[in-house]
Amino acid sequence: MESAVYAAVLLDICAIVLIFVSYVEKKAGARRWSKTSDDMELTDEIHVFHLECDEILIGRHASADIRIQDMSVSRYHAMLNVTDGKWMITDIGSKSGVFVNGEPVRHVRLYEGDVITLGNRNLIFRKRRVHK
Amino acid sequence: MSGALSYLLSCIFVVAVHGSMLLNVYSNGNYSSINDVIGLSAAVILLDAVYFIIMPFFKHRTYAVDFMLLLILNMSMIFQSCFGGVHFDTKHFITIIAALVSCRIGYMLCRNHRWIQTKKKFIWAGIGILLVVILLFTGSRSMWIDLGFMSIQPSEFIKPLLVLACATSIAEQQNRKKVWGFNVVYDNLIIFGITAVVILFQWWCRDLGSIPTFAAIYASCFFMRICYPKAKFSKKTLIIAGSVLAVAAIIGIILAPAYVKARLFADIWSNPDEDGYQQTKALISIAEGGWFGKGPGKGFLHEVFAYESDIVFATISEEWGLLFALMTVLMLVLIVAMPLVNPPRSYYHGTMCAGVCAAFTMQMALNIFGSCNMIPFTGVTLPFISAGGSSMVTSGLMIGMIIAAQSPVFANPTNKKNKKKHKQQKRRTV
């Protein structure tokens, strides 16, 4: 009987430890993700948008990850995604189109310093800066 | 706390749990020779050690699910080896290794969403081939294909493929076409068609217990589509979909075979020796086991049909106690809940996680509530705990998907060729 109780108690503790470990790994994973994604950000003259996800929706709609409240930007305008350390931008059927460095694009890879134009708004794709 | 330290801590606790369970087998178990306990202990600890060494080579972002999987699998090995007296269950040990291997395969296949999305036609073809196999080799006669040395249940392998089919087509929500005035996404129609055909085949095979699992996978996929940007689901569409589902369920109950109707409305205690045999015995054994159980191998439920698969929860409750059985279920729930801690980073990975979690949750609910007579008895396996190779391999594949969703491809190039390319691209940008 006693050994059954010990086994149940140890299983409880193990479950708690594994939950704790998963939170530790989450923090470490976020750090590693920032490092391997080259820690990029999008910025216009006023706002800075941190890119902290594999798929980022840009648009005017409230559900967009990066919300740009400008009538020239479609509600669901473009999708940014990253695989193997490469950032890509995809036009998801916007009315005014997506331009990278002045060129109209449907699906293209982004490099540091690229200027993305969505409607009347320009966004610069750059390395994340430490804001004090 | 560093990654290495948390890894070591997890290893220690996983081994400690298995060690304490083996100690319980040694002190309370029903064994004829001590060699049986030593053999079982050696196999469990050896598998733990080998997996601890192999795991870091896969370079996941998180190992918590792996540890939980190993914990559950070796717990299952100890449970299954104790039913009806302590012995070494070789067949179950092989299926556990197969589950671990399939988990690795699932992880490798599913982590790169860009690559797998280009292969979705192969996934549809895979489901088609399995349906042809079901049509030719199984059916209402039997759900299994008997190969002599082992039996395979082909319908089990459709589950991970259906999850993958749903996940790989999620991005197609943007490709809407106007057909007869309706906005149509072809992939949605294909997924609906596949699910409908699979459910019809399960109906024909008399495997009605697995229909809720497929329905749960499709339902999770449907909800993920609603959440997808630009996926326009009006209230009208949702009400129509809900009404169609309700009508289909009512027609299903009306057209159900007689034995299914009998199970749906049966009072097990009025006929405990025939229709309610398994459930009455399961309930009695759970009550007799109490909180801490009779001791490994000392139960009587191993004399009842499907004690190691369909009513395995009751068998564990009897021998190990209700507390331990509930803790085992909690570990399964924790595996399913892990994507909440480490959320998937793309819609593809999110849909994949939702599908896997829906399938596991439905299977757990059907098995546990079914054996406790809270819902009609279905004969669905409890993931990782029940005996059965097909179920174990597919469950392993699906856990591989959860791990892949938490550790997607997001690494700098590793081989020399790619490194050169990467450097050149960087120079160009500068």
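Me: What share of the contacts in chain B with a separation of 6 or more comes from residues 24 or more positions apart?
Reply: This is a predicted model: local features need pLDDT of at least 70, side-chain atom pairs count only at pLDDT 80 or more, and totals for chains, interfaces and linings use all residues. Residues are numbered from 1 along each chain as its sequence is written, while chains are lettered from A and ligands numbered from 1 in the order in which they are written. A contact requires the C-beta atoms of two residues, placed from the backbone, to lie within 7 Å. For contacts in chain B with a separation of 6 or more, the share from residues 24 or more positions apart is 74%.

Me: What radius of gyration does chain B have?
Reply: The radius is taken over C-alpha atoms, and the globule rule is 2.2 Å times the number of residues to the power 0.38. Because chain B has 430 residues, a compact globule would come near 22 Å, and the value for chain B agrees with this, at 23 Å.

Me: How much of chain B counts as buried?
Reply: A residue is buried if 20 or more other C-beta atoms lie within 10 Å of its own, exposed if 12 or fewer, and partly exposed in between, with C-beta atoms placed from the backbone. Of the 430 residues of chain B, the buried part is 47%.

Me: Which element gives the most to the side of chain B that touches chain A?
Reply: The contact takes 49 residues from chain B and 42 residues from chain A. On the side of chain B, the elements giving two or more residues are helix H1 (3-28), helix H3 (64-82) and helix H14 (322-341); helices (H or I, at least four residues) and strands (E, at least two) are DSSP runs, numbered from the N terminus. With 14 residues, the most comes from H1(B).

Me: How is H13(B) placed relative to H14(B)?
Reply: The axes of H13(B) (residues 312-320) and H14(B) come within 6 Å and cross at roughly 135°. Axes are lines fitted to C-alpha atoms, for helices over the stretch in contact, with angles from 0 to 180 degrees between N-to-C directions. Under 35 degrees counts as roughly parallel, over 145 as roughly antiparallel, 65 to 115 as roughly perpendicular and the rest as oblique. H13(B) is therefore, relative to H14(B), oblique.

Me: Which residue in E11(A) is the bridge partner of Leu42(A)?
Reply: Strands pair if DSSP finds at least two bridges between them. E1(A) (residues 40-43) and E11(A) (residues 121-127) are antiparallel, with four bridges. In E11(A), the partner of Leu42(A) is Phe125(A).
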